[in-house]
Amino acid sequence: MILTVLLLMTQVAVQDPRLERLDPETRSLVVSVVDSARAAGLPSEPLIQRALEGVTKGAQGPRIVAAVRRLATDLGTARGALGSGATAPELEAGVAALRAGAGPQVLTQLREARRPPLTMALAVLADLVTSGVPVDSASAIVLAFAPTARDADLVEFRRAVERDISLGAPPGAAASVRALNTGIRSTTDAAVPPGQPPRPPSRP
Amino acid sequence: MFDRDDELVDRVVRQLRQPVSIDPALDDRVMAEIAADPAPRATSRPRFSLRPWPWLAAAAVLGAIIIARPWTRGAENSGSNAFQFVLVAPQASSVALVGDFNDWDPARSPMRTAQGVWATTVPLAPGRYRYAFLVNGVEWRADPGAPDAHDDEFGTPSSVITVGGNGS
């Protein structure tokens, strides 16, 4: 019975018609990586998408395989930091944060500070760093906002920082000033009964 | 009170000690009924309940895999929200949106133009997606209104969009 299930699961990757866009040699190597990742409990879909991105962009086979292997490794690192209960979107966002320069310990701190899902918080952290905000500053800001800020607040914060940067503000200063001045509403603020004055915005 | 209980017990004991008469033909009638039954239940039940189990389980797993189609991404599942992608490209003759949400297939999300503004709408489930615009079938462009994917490993620009749990 178990053998039957394992065989069926293996066939899923082999029979995935999307991978037929790869040349046979590359496809064989990619399927091997995907199968190994799946056996390790990692999500396979990001790996398949990375391979499809490569073939659509006309990349050579070895480059596609290297990209898929690197992503599998990073997904494993992200899961080690975020825990075995992390979802596929969280792991993908975790990989983005890691590649932006955040250390695994930052991901672990974020997991402890914020209730899941962590996808948006991790993505905002990655986006802030790729926008030029120093990784230490971005990590500190996101960790400070993590316990109470809503996903939409984090997105708005990132957009505000990126607007300031596009207008010429230094990235680090833009993030720090916005962190001090932006009134990120906490989840408890949304529960203020009608007619009562809103509580002051939460500050990190 | 105790005397009354003793009397009741004595009556029960007397009743139980009376001889019981059984019809001598009872055994023959029972055996005749069993022989006349067309379905031998005693032997068929264990065979039916045990042997098909592996096949039923395998069929269930196969059916679940086929129905769930794990090779398709969650964007096609329920809980997704529609997001519009826009690129201003007045000189372009064609623009395609490709990304993690459509298997990087230029034919999956065609963009329509109105005076050089190309747009299309795609349903996205919560997650983080990489994408790019393919202009005239040869030129790759990132989305100027979205964060760049700085970890592009294929030498072309890409963007990222993150959809939160509430569709934000």
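In this predicted model, H7(A) and H9(A) are roughly parallel to each other, a term used for angles under 35 degrees; helices here are DSSP runs of H or I with at least four residues, strands are runs of E with at least two, and both are numbered from the N terminus. The axes of these two helices come within 9 Å and cross at roughly 10°, where axes are lines fitted to C-alpha atoms, for helices over the stretch in contact, and angles run from 0 to 180 degrees between N-to-C directions. On the side of H7(A) the contact is made by Met120(A), Ala121(A), Val124(A), Asp127(A) and Leu128(A), and on the side of H9(A) by Asp151(A), Leu154(A), Val155(A), Arg158(A) and Val161(A), two residues being in contact if their C-beta atoms, placed from the backbone, lie within 7 Å. These residues divide into 7 nonpolar, no polar and 3 charged.

Residues are numbered from 1 along each chain as its sequence is written, while chains are lettered from A and ligands numbered from 1 in the order in which they are written. Because the model is predicted, local features need pLDDT of at least 70 and side-chain atom pairs count only at pLDDT 80 or more, whereas totals for chains, interfaces and linings use all residues.

Which residues of helix H8 (residues 135–145) of chain A are buried? They are Ala138(A), Ser139(A), Ile141(A), Val142(A) and Phe145(A), where buried means that 20 or more other C-beta atoms lie within 10 Å of a residue's own, with C-beta atoms placed from the backbone. These residues lie on the same side of H8(A), because they cover an arc of only 165° around the axis, the arc being that of the directions from the helix axis to the C-beta atoms. Among the elements that cover them are helix H6 (104–113), helix H7 (119–130), helix H9 (151–166) and helix H10 (171–181) of chain A.

The largest nonpolar core has 80 residues, and those that touch the most other members include Ala121(A) and Leu122(A); such a core is a set of buried Ala, Val, Leu, Ile, Met, Phe, Trp, Tyr and Cys residues joined through C-beta atoms within 7 Å. Helix H4 (residues 61–82) of chain A gives the most to this core, with 10 residues.

Chain A as a whole has 10 helices and 0 strands, and buried residues make up 44% of its 204 residues. Chain B has 4 helices and 7 strands, and 22% of its 168 residues count as buried.

Notes: A residue is buried if 20 or more other C-beta atoms lie within 10 Å of its own, exposed if 12 or fewer, and partly exposed in between; C-beta atoms are placed from the backbone. Angles under 35 degrees count as roughly parallel, over 145 as roughly antiparallel, 65 to 115 as roughly perpendicular and the rest as oblique. Ala, Val, Leu, Ile, Met, Phe, Trp, Tyr, Cys and Pro count as nonpolar, Asp, Glu, Lys and Arg as charged, and the others, Gly among them, as polar.
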